Amino acid sequence: MMHKDLLLGIDVGTTGTKCSVYDFHGKRVASAYREYPMLHPRPGWTEQDPSRWWDAVCCNLQTIFQSQDIDKNRIAAVGTSSTNAVFLADRQGQPLCNAISLHDQRSGTQVEWLKENIGEERIRALAANRIANGSFSLPALRWLVENRPDLIKGAHKLMVPCGYVIQKLTGEFTMNRPRMSLTLMADIRTGQWDTEIAEQTGLPARLLPSPCGSAEIVGTVTQWAASMTGLAAGTPVTGGTIDTVAATIGAGAVDEGDFALTIGSSGRLCSIAGQPMEDPRLLNLYGAYDGQYIIVQSTNNACVSLRWFRDTFGREAARQAQAAGCGIYPYLDRLADTAPAGAGGLIWLPYLAGEQSPVWDTRARGVFYGAGLETDYPS
């Protein structure tokens with residue numbers, strides 16, 4: 001019998017999905033990445049096509065198993081993490097709409113509705129978080145209630161990226177407790193749904209997926225998923241977690257008082273605590289295991305600013321990078337190295353889609369501050 005000595009991690013990010021294989025000592029032995037677009041159908045709206053997540057997973061895994069000399073039978077288990085987005089799916093797990101991303105700002109009116117009809121004190125007592133759009137899915141779901149009641153009526157479950165990939169792999173509809181804590185409909189201390197808040201918001205309780213722990217085995221890879229991904233049928237799949245939680249644990253911050261800085265599409269300063277913190281400026285997450293909480297200060301736009309800069313200003317740099325036989329981001333790093341410390345006082349405020357903790361201002365926008373006639377492109 002083949003020795004199962006490897007673990008597969010799938011991370012569904014805001015700008016791309018990465019799949020990586022690790023041995024039991026934490027050494028990465030294979031990895032593949034696939035990028036996809038963020039969609040902006042209207043000003044202030046940011047969406048993603050969930051089918052692109054699954055396509056990326058399948059392509060990445062086929063690359064790993066076919067091109068990187070990894071035997072599928074060595075995979076002991078699959079773990080998932082994901083960015084923050086929410087959408088509605090039918091009984092087969094097929095999306096009924098695009099996913100509303102954490103960068104989406106359409107639901108400001110719904111934030112005020114929730115404050116008036118549910119109450120911020122009640123939400124804070126339950127979820128230990130404030131009512132805000134972007135970070136939390138309840139305002140976006142209320143927007144769907146008001147604007148797409150047809151989808152609410154026809155939907156089977158509400159889903160997040162992690163749960164979508166798990167459903168594709170196993171057929172099970174689940175949501176891990178860290179992600180549940182960002183819906184504003186779950187008790188952050190018990191990890192269970194508050195169906196009364198859901199129904200007051202206009203969401204039938206039947207839409208809520210089954211709660212699960214991050215390390216809990218929620219199902220196994222089906223024959224169909226095996227044919228799509230190259231994984232072995234029957235491989236265990238765990239409940240997954242928020243990308244921030246996975247990154248914090250991966251950085252070694254596991255005990256109360258530990259800190260970690262994680263920088264991806266968003267940037268987060270995270271600390272481990274034994275209970276949620278009451279400061280309304282902060283964001284509280286259920287942790288990777290019972291009794292662990294992760295306290296977060298977060299900026300919406302960290303590396304997503306780099307992609308925006310690349311796509312908006314980087315055409316000449318892209319040509320130069322190609323001529324130099326270099327990737328665009330390493331080439332931009334080279335250019336940055338030529339700038340003086342402090343870049344002549346030029347400051348970038350990365351508020352491309354509002355801002356989270358501790359600013360909490362959906363109207364904040366990106367600014368280059370301190371530019372002068374002497375500000376130029378490095379040569």
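Over how many bridges do strand 6 (residues 85-89) and strand 7 (residues 99-101) pair in the antiparallel sense? The pairing of strand 6 with strand 7 runs over two bridges. The structure is a predicted model, in which local features need pLDDT of at least 70, side-chain atom pairs count only at pLDDT 80 or more, and totals for chains, interfaces and linings use all residues. Residues are numbered from 1 along each chain as its sequence is written, and side-chain values use heavy atoms, with hydrogens and water left out.

**View 1. The open sheet with the strand order 4-7-6-8.** Four strands form this sheet with antiparallel pairing, where two strands pair if DSSP finds at least two bridges between them, and where helices (H or I, at least four residues) and strands (E, at least two) are DSSP runs numbered from the N terminus. Strand 4 (47-48) and strand 8 (157-159) stand at the edges, each with a single partner strand, so one side of each has no neighbour in the sheet. V86 stands opposite I100 in strand 7. Helix 1 (residues 50-67) packs on the sheet and touches strand 4, strand 6 and strand 7, contact meaning heavy atoms within 4.5 Å. The direction of helix 1 makes about 100° with that of strand 6; axes are lines fitted to C-alpha atoms, for helices over the stretch in contact, and angles run from 0 to 180 degrees between N-to-C directions.

**View 2. The open sheet with the strand order 16-17-19-18.** This sheet of four strands has antiparallel pairing, and its edge strands, strand 16 (259-263) and strand 18 (283-286), each pair on one side only. The twist averages 30° from one strand to the next. Strand 17 (residues 267-273) and strand 19 (residues 293-299) pair over seven bridges, and the bridge partner of S271 in strand 19 is I295. Helix 10 (residues 243-250) packs on the sheet, touching strand 16, strand 17, strand 18 and strand 19, with its direction at about 65° to that of strand 17.

**View 3. The packing of helix 2 (residues 108-117) with helix 4 (residues 138-147).** The two axes are 8 Å apart at an angle of about 100°, which makes helix 2 roughly perpendicular to helix 4 (angles under 35 degrees count as roughly parallel, over 145 as roughly antiparallel, 65 to 115 as roughly perpendicular and the rest as oblique). Q110, V111, W113 and L114 of helix 2 meet L138, P139, R142, W143, E146 and N147 of helix 4. By class, this contact has six nonpolar, two polar and two charged residues, with Ala, Val, Leu, Ile, Met, Phe, Trp, Tyr, Cys and Pro counted as nonpolar, Asp, Glu, Lys and Arg as charged, and the others, Gly among them, as polar.

**View 4. Helix 13 (residues 328-338) with helix 11 (residues 303-313).** Helix 11 and helix 13 pack at an angle of about 90°, with their axes 12 Å apart, and are therefore roughly perpendicular to each other. L306, R307, F309 and R310 of helix 11 make the contact with I328, Y329 and L332 of helix 13; these residues divide into five nonpolar, no polar and two charged.

**View 5. Helix 13 with helix 12 (residues 315-323).** The axes of these helices come within 9 Å and cross at roughly 105°. A317, A318, Q320 and A321 of helix 12 meet I328, Y331, L332 and L335 of helix 13, in a contact of seven nonpolar, one polar and no charged residues.
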